[in-house]
Amino acid sequence: MQVTSQVDTLFKLPEIFPFGRPRFDGGTITTAFLLTLLLITNTIASIRLMETIMEQKQMDNNRYLRAGLTSGITHFIGGCLGAIGSVPISGAKIPAPIGYSVTFVIFVKMVGLP
């Protein structure tokens, strides 16, 4: 089966809400809450991992606020434009082959391969 595609322009700016206006129901709110907990946990783990790697003695609690604010802004913009948000992964404890295989599965699903 051959797939054909027509491209009108070389570059196109993203649309706002390309999948339609957002709908808020019980499932959406529950999913958003659980993903928020996951992202906060990943952010805190990444910051603590970098503190141990960099051997930083001085703890600055404002870095958690800055990381959360930056992450929130990028996820909001990405969500409005239909993009995939960045997720901090503190993968120093994960063996490289496992990390690569997980990343491969994610990208295969994004592209739509079986």
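Guide: Happy to! From the N terminus on, the elements run α-α-α, making three helices and zero strands; helices (H or I, at least four residues) and strands (E, at least two) are DSSP runs, numbered from the N terminus. This is a predicted model, in which local features need pLDDT of at least 70 and side-chain atom pairs count only at pLDDT 80 or more, while totals for chains, interfaces and linings use all residues. Residues are numbered from 1 along each chain as its sequence is written, and side-chain values use heavy atoms, with hydrogens and water left out.

Now to the part you asked about. The largest pocket has a volume of about 980 Å³. Here a pocket is an open set of points on a 1 Å grid over the protein atoms alone, where a 1.4 Å probe fits, with protein on both sides within 12 Å along at least five of seven lines; lining residues have an atom within 4 Å of a point. The volume is the space filled by probe spheres set on the points, which are joined across faces, edges and corners.

The lining has 33 residues, and Ala-32, Leu-35, Thr-36, Leu-39 and His-75 are the closest to the pocket's centre. Helix H1 (26–54) and helix H2 (62–80) each supply at least two lining residues, and H1 gives the largest share, 11 residues.

By type, the lining holds 19 nonpolar residues, 13 polar and one charged. Ala, Val, Leu, Ile, Met, Phe, Trp, Tyr, Cys and Pro count as nonpolar, Asp, Glu, Lys and Arg as charged, and the others, Gly among them, as polar.
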